[in-house]
Amino acid sequence: MRSIVILCRHGNTFNKGEKVVMVGAKEDLPLTSRGIEQAQSIGTAIASSQTIPNRIMSGPLQRTKVFAESVRALTNPSATVEIDDRLIEFDYGAWSGLSNEEIEALSGREALEAWQERSERPSGVTFIPSAQKARADAEAVLQELATLSGCCLVVSSNGRLREFGQLLSRAPSSSAFKVRTGHACLVVRDGGTWRVLGWDLDPTQLKDALDGLA
C-alpha cells in the first residue's frame, strides 16, 4: 500500500505594498486575489498530474480553508474538506501581528533569525502550542495518514509545516523546513517508511514530482 501526501501552505494574505506582519492563530486573515490564484495553480498542477486526492484536510483558519476549497474544486469536487484543529497555525504570542522590524525591537534580531532560519523558539515569548504538543500533533496526523491508500491533500501554515518537515526527515529541531506561500511538499509512504520527495515546490515542480510517481 502506498500513501501519498501533498502538504500545502496557504496562499498570500498581504497585497503588494501592505505592511507584512507575523500572522498566527489569532490573525484570521483572508486570502488576497493572488492567494486565490496560488491555490488555483496548485489545484491545476495536481489535476493535470492525474493524482487525485481522495481525502482533503485543512486547518480551521479561513486562509487555509479557502485554499483547500479552491484546490478541491479543481481536483475532486465530490470530496469534503475536513477541518482539523491540529493544523491551525501557531499562536505566536507577543510576536503576533508584528512586523519583522517590530519583532527585532522587542526581542532582537538574533531571536527572529533563530526562528526564521532554524525554528528555534524565542526565550521570553510563548508560542502555542508548546513544542512538545506541536510535535505530538504532527505525529498523530501522520499516523492516521499512514493508513490511507491513495492521496491526501493537507493545507496548513508555516509553523505547522515545519513540524512535519522535521518529523518526516528525522532532522534535528534546528532545521527550518520553511514553505513559501502557495507552495507544496510531496511525501510518500511505502514499505513502512515515509520519504520526502520534494519540499517547498512551486506548482510546476509539484506536477513534475507527482508525474514521477507513475
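**Sheet, cysteines and salt bridges**

Modeller: Six strands make up an open sheet with mixed pairing, in the order E3-E2-E4-E1-E5-E6. Strands (E, at least two residues) and helices (H or I, at least four residues) are DSSP runs numbered from the N terminus, and two strands pair if DSSP finds at least two bridges between them. This is a predicted model, in which local features need pLDDT of at least 70, side-chain atom pairs count only at pLDDT 80 or more, and totals for chains, interfaces and linings use all residues. Residues are numbered from 1 along each chain as its sequence is written, and side-chain values use heavy atoms, with hydrogens and water left out.

Biologist: Do E5 and E6 pair in the parallel or the antiparallel sense, and over how many bridges?

Modeller: Strand E5 covers residues 184-190 and strand E6 residues 193-201. Aspartate 190 is opposite threonine 193 in E6, and the hairpin has two residues between the strands, with glycine 191 at a positive phi near 65°. The pairing of E5 and E6 is antiparallel, over six bridges.

Biologist: How many disulfides does the count come to?

Modeller: A disulfide is a pair of cysteine sulfur atoms within 2.5 Å. The sulfur of cysteine 8 has its closest cysteine sulfur in cysteine 185, 7.8 Å away, so that is too far for a bond. For cysteine 152, the nearest cysteine sulfur is that of cysteine 151, at 7.1 Å. The count of disulfides comes to zero.

Biologist: Is cysteine 8 buried or exposed?

Modeller: Buried means under 20% relative accessible area, exposed over 50%, and partly exposed in between (1.4 Å probe, protein chains only). Cysteine 8 has 0% relative accessibility and therefore counts as buried.

Biologist: How many residues apart in sequence are the parts tied together by glutamate 102 and lysine 19?

Modeller: Glutamate 102 and lysine 19 form a salt bridge (a side-chain nitrogen of Lys or Arg within 4 Å of a carboxyl oxygen of Asp or Glu), with their closest N and O atoms 2.9 Å apart. Because glutamate 102 is in helix H3 (residues 100-107) and lysine 19 in the loop between E1 and helix H1 (33-49), the pair ties together parts whose separation in sequence is 83 residues.

Biologist: How many salt bridges does a search of the whole structure find?

Modeller: Aspartate 211 and lysine 207 meet in one, at 2.6 Å from N to O. Arg55, Glu82, Asp84, Arg86 and Glu144 are linked in a network. The search finds 17 salt bridges.
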